[in-house]
Amino acid sequence: MKLLLEHAHVEGIRYYDAYRKNGGYRAVEKAFKMTPDEIVEEVKKSGLRGRGGAGFPTGMKWSFLAKPEGIPRHLVCNADESEPGTFKDRYLMEFIPHLLIEGLIVSSFALGSNATYIYIRGEYAWIVDILEQAITEAKNNGWLGKNILNSGFDCEIYVQRGAGAYICGEETALIESLEGKRGNPRIKPPFPAIQGLWMRPTVVNNVETLAAVVPILNMGGEAYSKIGVGRSTGTKLLSVCGNVKKPGIYEIDMTQSVEEFIFSDEYCGGIANGKKLKACIPGGSSVPILPANLLLKTAKGETRYMNYESLSDGGFATGSMMGSGGFIVFDEDQCVVRHTMTLARFYNHESCGQCSPCREGTGWMYKILKNIEYGKGKMSDIDLLWDIQRKIEGNTICPLGDAAAWPVAAAIRHFRDEFEWHVLNPEESQKRNFGLAHYADPIHVPAVG
Amino acid sequence: MSEQPKFKVTIDNITIEVPAGTTILNAARMIGGDVTPPAMCYYSKLEGSGGKCRTCLVEVSKGSEKDPRPMPKLVASCRTTVMDGMEVKNITSDKVLDARKGVVEMLLINHPLDCPVCDQAGECHLQDLSYEHGASGTRYEFDRRTFEKEDIGEYIQLHMTRCILCYRCVFTADQLTNKREHGILERGDHAEISTLLGKSLDNEFIGNVIDVCPVGALTDKTFRFKNRVWFTKPVDAHRDCPTCSGKVRLWMRGDEVFRVTARKDKWGEVEEWICNDCRFHKKEVKDWVIEGPSRIDRHSVISQGHYVDTVKQPVYIDRVIGKNPKLLLDIHKVSDVNRPDVDLSKIEGPAHSDDFKKNKDN
């Protein structure tokens, strides 16, 4: 089932003519015949959940927006996609930019935002040009600017580049950065829906969330909510990377099982090079890693499906999260300790340094993991790591502290003997840097030959 | 104007009525004593400060009368406002004490612990914090981050290695001047305080960043290595200053003025900002009208010794745990030393066992 990527392979879909010919901007036409409240109601009905990671219902978020008289409101599109393993927004913006622009126009109208911002990651330098061209095309064809479709509604979209900080993907840090300040997360409350950009009510949404508003308007919220399972409605983009045969972007309707998603030819096509599945991070680097047995089946022995509820089944003890959809697959040759160290280095580098547990704890965790990885670790280091992550988690201003703590916690929880093996066999662990293979999935043994 | 509504809040079983909009920390400060969470970054005089150091984390076990659900995470008490009927656990919560111990450990892993040569020693909030809430040792086995010492302005030295990044000086510099010249470079554990392109700050009130610094990262160059804090006596004094209020605290030894700082309240916060002229240039007794000895707050090692007007913190242990703690042995029944009715601060010179003899008072 494809909604967002329906026309992704049409030639020239990046440009206005092809996009319009393939049903583009129908949602805007429809939206301007409705009232803003009706659009919000439609999004609420659709059950759309934020695609940036937390999975908060978008309709709810929109209805929290304060609407004081005489104060402008803003919509900000969070295109600061920096989570390791996640690159779905990049695909959307690079190949179908008009889908995002269309979603932004509809959402701006629904929320009453006359100045809408796309805060894009600085490293996506060339995509800025693509977006700006799309905005110009939309403007030339009367979809943006003053008095859109004679409705009396004005809207401008501005693209703002970030300067290469992961933390600016956190909504309040993004707002600070957009205001021209240092991108430190703000302390909540007040929430952005009350006081956001320039202390005005602001909604910050992910690229994919805003793009999904287009099919919702086109098909109606009711019909959209029928796609998917339970509270996981609609379609979700997944960016698959790691040791699979066919990495890339997939759009799923969240009814597939994890097993089907990894091994069927329609999606990832199985593990590359005839290896076995060892572990997987199902939703971007911040969510807990799962070993093969817990990934394919929940702790209760039920099949795990690719949706918000099923992936988080069992909490953090035996489950994970849908997150932002960065699906990272490990084969039997990958070393979980090395991988955890790499992630710890990333979070150490990206911590904003505002609150002490995250600023000092991430660096400390990285140094310990580096010791273990390079054969200088002690047994007590593993318990120490566990204690540090416990003291970071939940004690910080923004979720970056949690995001730094969860991968370490999950790696120790599920792969503790691999850490111990590194400590006990320092020389061997450096010679063959791939940890223990016995976690690998015993069912999906590749055919010999 | 209608009267501001009062909210009832219970902190560690002690109930107090505070005006709506008060933060938990300020409500706890109204009670005082042990139930007040420590605060390294919050500064009531600086707008926007707080929430960063995480030492003031508390557990909200009951949200309010209307919505009695507890808050899921520990909250920063300096930035969370009270609700009517809120119940807060500070020292009665193991979770809080554990988290706070963790925060103190984190704050200390990159701190040089060079107290013996640090000018702040003796009135350092980090010393107090680690003494009161920290562990006895560290589990950190790596090199600590270090920086070169840097002069910001003629009279202030920045020793970034000691900094705990509380952002107080950033807020001070930002709120006392119009220009954004003083801020943070880099991020994470390699973040550092710096001035715009290494420029020196020449604002007339910039010396106040020394007073707001909870550690020895910003020090007064006219006082560096001149004397230890506990050898000097604080005296309140004032002068007719054209720029500031002129109300200062002199740190004297004999007739010599070693240091001039702003007056601080019992939470270690500056009462009124003073100008650079008062702070750095008026170092003669004749410049000042002496008012008398200062009341010393708990954030000074002097309060441990023999000094008149030491501010004693109230003790609430009976109200916190609901009864008087049962003593296995009251030391005062078997020993006369340190009898509670003898005020140590009233004793001239070092205490001697003779000072506690019962017949000596009569």
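**Contact between chains A and B**

I began with the contact between the two chains, which takes 23 residues from chain A and 26 residues from chain B. I counted two residues as in contact if their C-beta atoms, placed from the backbone, lie within 7 Å. The model is predicted: local features need pLDDT of at least 70, side-chain atom pairs count only at pLDDT 80 or more, and totals for chains, interfaces and linings use all residues. Residues are numbered from 1 along each chain as its sequence is written, while chains are lettered from A and ligands numbered from 1 in the order in which they are written.

On the chain A side, the elements giving two or more residues are α15 (336-350), α16 (356-373) and α17 (379-392). Helices (H or I, at least four residues) and strands (E, at least two) are DSSP runs, numbered from the N terminus. α16(A) gives the most to this side, with nine residues. I sorted the chain A side by type and got seven nonpolar, 11 polar and five charged residues. Here Ala, Val, Leu, Ile, Met, Phe, Trp, Tyr, Cys and Pro count as nonpolar, Asp, Glu, Lys and Arg as charged, and the others, Gly among them, as polar.

**Helix α2 of chain B**

I then looked up α2(B), residues 94-109. This helix has 16 residues and reaches 23 Å from its first C-alpha to its last, close to the 22 Å expected at 1.5 Å a residue; the expected span is 1.5 Å times one less than the number of residues. Its buried residues include Val96(B), Arg100(B), Glu105(B) and Ile109(B). A residue is buried if 20 or more other C-beta atoms lie within 10 Å of its own, exposed if 12 or fewer, and partly exposed in between, with C-beta atoms placed from the backbone. Both chains supply cover for the buried residues of α2(B): α16 and α17 of chain A, and β3 (57-62), β5 (86-89) and α3 (125-133) of chain B, are included.

**Chain B as a whole**

I noted nine helices and 14 strands in chain B. Its radius of gyration is 22 Å, close to the 21 Å that the globule rule gives for 362 residues, so chain B is as compact as a globular protein of that length. The radius is taken over C-alpha atoms, and the rule is 2.2 Å times the number of residues to the power 0.38. Of the 362 residues, 39% count as buried. Among contacts between residues at least 6 apart in sequence, 62% join residues at least 24 apart.

**Domains and sheet of chain A**

Chain A is divided into domain 1 (16-226), domain 2 (238-331) and domain 3 (336-431), with bounds from an automatic or database domain assignment. The centres of domain 2 and domain 3 of chain A are separated by 23 Å, taken over C-alpha atoms. Their contact takes nine residues from domain 2 and 10 residues from domain 3.

I also traced an open sheet of five strands in chain A, in the order β8-β7-β11-β9-β10, with mixed pairing. Two strands pair if DSSP finds at least two bridges between them. The edge strands are β8 (248-252) and β10 (290-291). Two bridges join β9(A), residues 277-281, to β10(A), and these strands run antiparallel. Cys280(A) has Leu290(A) as its bridge partner in β10(A).

**Pro57(A)**

Last, I found Pro57(A) in the loop between α3 (36-46) and α4 (58-63) of chain A. Pro57(A) is partly exposed, with 17 other C-beta atoms within 10 Å. Not counting residues up to four places away in sequence, Pro57(A) touches Gly47(A) and Arg49(A).
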